[in-house]
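Look it over before reading the answers.

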Amino acid sequence: MRNSQGSIQELAGAGSPITMSHRPTPSVSSYMKSCGDFTKETKQERMRGYLRKYHQNPANRRKHEAHGIVHEALKSGRLIRADACEKCGHPTVEAHHENYSKPLKVNWLCRKCHKALHRKTHCLRGHPLTPDTVYMRPNGERICSQCAIDRVQTYRDAKKKDRA
Ligand SMILES: [Zn+2]
Ligand SMILES: [Zn+2]
Ligand SMILES: [Zn+2]
């Protein structure tokens, strides 16, 4: 960013014959564009990295596979989607797996009940929550220890990258 601004000043300092109306506009717009492209690219890269990590995790892979199997089973009629949530009777349901290694054993829950259940059994990122994996903060907030470990690891990776 500093480079392109510097080059504008250099151009001006060199007393270039280009008129004011022409000079800054193309440089500024191309600078804006390249800046926008840059953030988009890193976002995509970050997403790719995240997905790679996601699928490297065997638990996530099983979950992904289970969803694929449910989808196929629904199409072939091996599995029938319930027409109401098991907990509250809401007519729109999604499949919940108690155990991803049994992909056809599903509970049909509405989005709300499904989310509520996962909040109790899994953290926001899908790590299973057991008394062993949950830290309790003094204020009563529950913390997923796997997420905490991941956060430290991400922080260390970022630092390593900075130094490299
Ligand atoms: Zn679920
Ligand atoms: Zn429900
Ligand atoms: Zn977690």
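Predicted model: local features only at pLDDT ≥ 70, side-chain atom pairs only at ≥ 80, totals over all residues.

Q: What distance does helix H3 reach from its first C-alpha to its last?
A: Helix H3 covers residues 58-76, a run of 19 residues. At 1.5 Å a residue, 27 Å is expected, and the helix comes close to that. The reach is 27 Å.

Q: What pattern does the protein chain follow when read along the sequence?
A: The protein chain has five helices and four strands. Taken in sequence order, these elements give α-α-α-β-β-α-β-β-α.

Q: Which helix in the protein chain has the lowest confidence?
A: The chain averages a pLDDT of 80, and 75% of the residues score at least 70. Confidence is highest in strand E2 (residues 106-109), at 96. At the other end, with a mean of 48 over residues 2-13, is helix H1.

Q: How many contacts beyond near neighbours in sequence does the stretch of residues 6-14 have?
A: Over residues 6-14 the pLDDT is below 50. Residues 26-31 also stay under 50, and there the model has three contacts beyond four places in sequence. For residues 6-14, the number beyond near neighbours is four.

Q: What percentage of the residues in the protein chain is buried?
A: A residue counts as buried if 20 or more other C-beta atoms lie within 10 Å of its own. In the protein chain of 164 residues, the buried share is 5%.

Key
Residues numbered from 1 in each chain as written. Chains lettered and ligands numbered in written order. Helix = DSSP H or I, 4+ residues; strand = E, 2+ residues; numbered from the N terminus. Expected span 1.5 Å × (residues − 1). Buried ≥ 20, exposed ≤ 12 C-beta atoms within 10 Å, placed from the backbone. pLDDT = per-residue confidence, 0-100. Contact = placed C-beta atoms within 7 Å.
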